[in-house]
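These are notes on one model, arranged by secondary-structure element. Please read them beside the coordinates.

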Amino acid sequence: MPTEMGIWRIDGPQPQRLHPSAMPLESMLEDFLAKDPSLLGDRLLVIGRQVRTPYNTLIDLLAIDGEGTLHVLELKRDKTPREVIAQVLDYGSWVSTLERDDVIDLAVHHLDGPFEPAFARTFDSPVPDEFSNNIQLTVVASALDPSSERIVTYLRDFGVPINAVFFSFLDDDGRQYLARTWFASEESNDASPSPVGRRSKLAKWNGQDWYVNFGDGPTRSWEDGRNYGFVSAGGGEWYSRTLRNLPAGARVNVYLPQRGYVAVGTTLRPAARIDEAEVLVNGTWTRLLDLQLHAAYREGLEQGQSDIAEYVVPVQWITAVPGEQAYREPGMFASTHSACKLRQDFTLLKLSKHFGLDRTT
């Protein structure tokens, strides 16, 4: 049984309890949740309302959280308690088959605009490359009968991600309130099995574009990278390992942390340690450390700690601008990894438009 919430008004020596009353219009609750799904307690972005399934049924609200988990929210309305539970399970079976691109298409249609900026505004982070295969099913109601409570409890015991949330409507001399109570805490469902046999919701990759995080600072200089054609990373295995994954011929999109994108180019060789690294200057391969540089790049070498050494990838720039001209918009991809595959079409399209690029792949 859910815990009952009591609310009292204190305006004198004797507390006055507020008693729930019928909500004037049940559609009001759907409106409230569509406008502010945080009423459920977590940050969610509604990406569909009255979403039509292939079975000619309508999901009241479909939302997504910051991890890419989809949330099916179904209001009880005038359905019988058992009907609404069966319905939300049916909806969950369909939603679990949606591909990542299907989810984004639904969101764009509902939001009437790009998905990525809306996601970034809601969660203060870019859209993850891979959406979670988990889903969360939530029945929204004023109450459940004992039989339905037993069904929800039984399903949760078997790891089905279902819960119910109750909203009470209170009217206090013209002031109106909503009170929320969950049927069960999420901690009680920790034994949920991992999803099995579902298709990956990993964003498709065009096979060419990579993201590179260039940590401009005392140990490396973007001015050097722009002038001599290279990207670099170091200071430890975690930083240099992903950069060393870059193959020759990759297209790199270079990002300065906290600033934005500054360059697009094509890698010419795999990564080499700074004391062996060469860059192409005026058609001639030249040892990088023989050039006039703004940063030292010798961290680890002088102390004999090669594991924290800088690694360098030579690049032929298609376009490259100073750090003061860095470009970014809400929703564009960013990561702390030194290098990773850039799968987000939104970012690639924005960069192409901003830098005037003709991407053929």
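1. How many residues does helix 5 have, and how far does it reach from its first C-alpha to its last? Helix 5 (residues 146-157) has 12 residues and reaches 17 Å, close to the 16 Å expected at 1.5 Å a residue. The expected span is 1.5 Å times one less than the number of residues in the helix. Helices (H or I, at least four residues) and strands (E, at least two) are DSSP runs numbered from the N terminus.

2. On provenance: this is a predicted model, in which local features need pLDDT of at least 70 and side-chain atom pairs count only at pLDDT 80 or more, while totals for chains, interfaces and linings use all residues. Residues are numbered from 1 along each chain as its sequence is written, and side-chain values use heavy atoms, with hydrogens and water left out.

3. Buried is taken as under 20% relative accessible area, exposed as over 50%, and partly exposed as in between (1.4 Å probe, protein chains only). In helix 5 the buried residues are Ser147, Ser148, Glu149, Val152, Leu155 and Arg156.

4. Arg100, Val103, Ile104 and Ala107 are its buried residues. They fall within an arc of 95° seen down the helix axis, so they line one face of helix 3; the arc is that of the directions from the axis to the C-beta atoms. Asp105 and His109, on the other side of helix 3, are exposed.

5. The cover over the buried residues of helix 3 includes strand 4 (45-52), strand 5 (58-64), strand 6 (70-75) and helix 4 (115-123), with contact meaning heavy atoms within 4.5 Å. Aspartate 112 follows helix 3 and has a positive phi near 55°.

6. Strand 6 is largely enclosed by the rest of the structure, because six of its six residues are buried. Leu70, Val72 and Glu74 lie on one side, and His71, Leu73 and Leu75 on the other. In a regular strand the side chains alternate between the two faces of the sheet.
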